[in-house]
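Welcome! Here is a short briefing to read alongside the model, starting with a pair of helices and moving on to salt bridges.

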Amino acid sequence: MTEKRGRKRSRSAAATADADGKLTRRQKRALAAKAPYFAPKPSSSIHRIEVPPEDLTPQQRIDLIADLSESILEDPTAALTSSRTSASGAPRGRGDDDDAEPGAKKEPQYHKTQSKMNKLLDLASLSTNGYDGHAARLAMLSLLAIFQDILPSYRIRLPTEAEMSVRVTKETKATWDHERKLLQAYQRYLQLLEKTWEDEKFGRSWSLDAGKKGNATRGPPTTLAATAILSLSALLQTCYNFNFRSNLLSIVVRQANNRSSEEVRASCCGALKTVFAKDVQGEVTLEAVRLMAKTIKQQSSGSRGSHVHPNMIDAWLSLPLRVHEDEAAAAKLASAAKAKKARKSQAGKEMLDIERDLKEGEGTVDKLELAKNQADCLHTVTLTYFRLLKTVANSASGEGDEGRRNHNNSAAVSELLPCALLGLAKFSHLIHLDAVVDLLAVLKDLLRDNASGLPVDAAVHCILCALKTLRGPGRETLPVDPKEYLIPLYGLLPRLGTSKDESVGGSNDALKGGSDVIEAVIQCLDHAFLQRRELSTARLAAFLKRLASASLHCTPQSATPLLACARQVSARYSSSKVERMLENEEDVVAEGMYAPDAEDPEHSNAHATSLWELALLKYSIHPRLAEHSLAMAEGRLLKMPAEAPGKLWASLGRDAHEAYIAQRAVFKRHPLDHRVLDNATVAGGSRRMRRQRRNQNQIRFITPRRTGNWHLLPVTAFTML
């Protein structure tokens with residue numbers, strides 16, 4: 001008898017195993033069930049690559065995304081190439097065999113299979129994955145991680161037609177093919193992200209009239225749109241040296257001014273700050289700064305007024321500008337002379353191109369190019385800052401069409417002015433002296449004409465910018481008197497106690513690291529009285545009196561740093577006239593009376609009064625404020641750096657944000673304890689209690705009083721007691 005081929009093999013194997021006597025129970029069960037002992041590994045979902053994504057279930061799409069991502073990372077070159085699969089599964093009929101010629105060789109049939117990268121890109125698009133938003137998000141994030149891992153840190157230059165016609169090696173041709181496919185996949189991914197963001201950045205509107213012009217509702221972006229723009233921001237942070245960086249910058253810069261979503265705006269601004277910090281050559285930074293300046297100019301000069309968010313301008317504070325304008329001019333001249341010399345001959349021009357390519361490949365920093373880029377960045381940034389100052393001056397004075405148009409935008413101007421002044425204060429030491437003189441003149445006119453009309457934060461930052469500019473290198477020769485900026489600062493101190501102005505620089509902003517009113521005032525006092533020598537004791541006494549008065553109506557987290565500044569100033573200028581203000585007014589011998597409403601601090605006659613505000617502040621509910629007021633009244637020095645005004649403002653702002661007030665535990669004697677104790681017993685008991693408190697954990701809980709639920713009993717119940 002003839003047996004089947006497979007059956008015979010299994011029987012012989014079983015007979016051999018039984019003869020040896022080495023079969024286990026599991027092997028016997030496997031042979032009995034006609035199943036192999038070693039079960040194959042569960043098949044991957046890669047075989048579903050030929051199935052359209054809309055025909056898969058949601059879980060199958062997720063599994064396919066995971067398997068495709070793992071396969072692409074294992075072999076990126078093979079994942080970018082489409083493969084061919086033989087169509088061996090096609091059925092053949094009897095008529096085909098009859099018509100075929102005897103001895104003829106039949107060619108195999110193949111069909112082209114989509115590459116794994118293109119399949120993953122299809123899964124990231126709603127139109128091709130069956131409108132599965134969750135799968136699209138997962139595919140976008142998977143592609144983000146893949147491209148961040150496989151993209152090189154240099155720009156890819158595709159070969160020209162002349163280079164393609166030259167005979168090259170097989171490895172070079174394979175490299176060109178791989179780079180071309182990588183660029184195509186990356187470009188398609190960027191286009192997908194941009195289209196997803198543009199389609200859903202204002203949310204989905206299901207009304208029939210939403211597609212018509214003027215009927216679209218503007219809401220927050222959808223989750224898929226937020227994923228797309230966050231992916232673009234992440235790509236800019238890591239792949240800013242790769243191709244298509246201009247497309248990335250244009251999208252991210254536009255959305256850095258996004259007002260519908262704080263997360264999107266923070267992500268784009270953070271990406272720009274990261275690029276500013278990582279870019280060593282300065283080319284990407286210059287391109288981003290020019291795009292931001294163009295956006296700010298277009299938004300500020302629009303018919304609807306200024307719509308630029310302050311976070312976009314604050315991103316320029318992260319620029320690592322270190323080249324002075326004079327040094328940059330010399331670098332520009334040297335670079336232009338070198339380029340002109342190289343252009344005279346064709347060989348020199350080719351050599352210049354070769355040197356540029358070699359420097360780009362080596363990753364070295366060209367100091368001349370860096371100086372030129374930083375000079376262009378500084379010029380663009382300062383020009384934008386001056387344009388914002390001009391807009392504020394015109395809107396405040398109402399001159400011209402621009403002033404009349406921007407007169408109703410005082411709220412937006414008040415947001416942008418502190419940002420511009422902070423930037424000018426940071427980069428003022430790099431600006432030319434002629435520009436510094438013009439800047440000080442603009443600030444002087446702005447403070448003189450609009451000191452009372454400007455918001456407190458804008459006015460304080462004007463003064464801070466002027467004082468920082470005067471402290472720069474070589475600024476001692478400028479014909480500017482600091483008194484012109486100290487008089488407005490003296491007039492702004494009483495306005496610090498208003499709730500509206502303090503909310504601008506509250507504890508939330510302090511936690512975020514932003515600059516606020518109190519911190520700016522602390523820096524102004526530091527530049528005015530601590531980093532320079534003040535010769536007028538009348539001005540010193542007036543500022544000390546005004547700081548003590550402002551501390552009365554400020555919140556404790558604002559009053560404590562102001563008192564610390566007053567203690568610093570009084571400790572440095574320890575004179576008899578300043579110390580006399582800590583005495584009683586009846587014992588003070590002075591001419592005239594104190595004028596608290598005087599505009600000039602030297603005309604207030606502050607020596608004729610005393611700091612009586614300290615007697616009230618020492619009874620404050622806040623222990624830190626009471627401690628500083630008592631220490632100032634006793635003439636004690638600050639314990640630096642723990643009691644520095646800046647550190648006090650940061651710590652107290654954090655405590656106010658957490659609604660925390662530090663209280664000192666006071667152990668009192670029980671009122672029913674009538675024992676008479678001598679001094680030695682009291683001293684020994686206090687030492688023992690201090691030792692016990694030091695050894696135990698300082699955790700106190702307030703336990704509720706046990707009332708026995710008397711408040712729940714009826715009124716008649718108390719008559720029976």
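Helix α12 (residues 262–278) and helix α13 (residues 283–300) have axes that come within 9 Å and cross at roughly 145°. This is a predicted model: local features need pLDDT of at least 70, side-chain atom pairs count only at pLDDT 80 or more, and totals for chains, interfaces and linings use all residues. Residues are numbered from 1 along each chain as its sequence is written, and side-chain values use heavy atoms, with hydrogens and water left out.

**The helix pair**
- Helices here are DSSP runs (H or I, at least four residues), numbered from the N terminus.
- Axes are lines fitted to C-alpha atoms over the stretch in contact, with angles from 0 to 180 degrees between N-to-C directions.
- Leu272, Val275 and Phe276 in α12 meet Val284, Thr285, Ala288, Val289 and Met292 in α13, where contact means heavy atoms within 4.5 Å.

- The model has 20 salt bridges, each a side-chain nitrogen of Lys or Arg within 4 Å of a carboxyl oxygen of Asp or Glu.
- Arg180 and Asp177 form one of them, at 2.3 Å from N to O.
- These two residues sit three apart in helix α9 (residues 170–200), about one helical turn.
- Asp177 also pairs with Lys181, at 3.3 Å from N to O.

**A longer-range link**
- Glu287 and Arg245 form a salt bridge at 3.4 Å, N to O.
- This pair links distant parts of the chain, with Glu287 in helix α13 and Arg245 in helix α11 (residues 245–255), 42 residues apart.
- Arg245 is buried, at 14% relative accessible area, and Glu287 is partly exposed, at 21%; buried means under 20%, exposed over 50% and partly exposed in between (1.4 Å probe, protein chains only).
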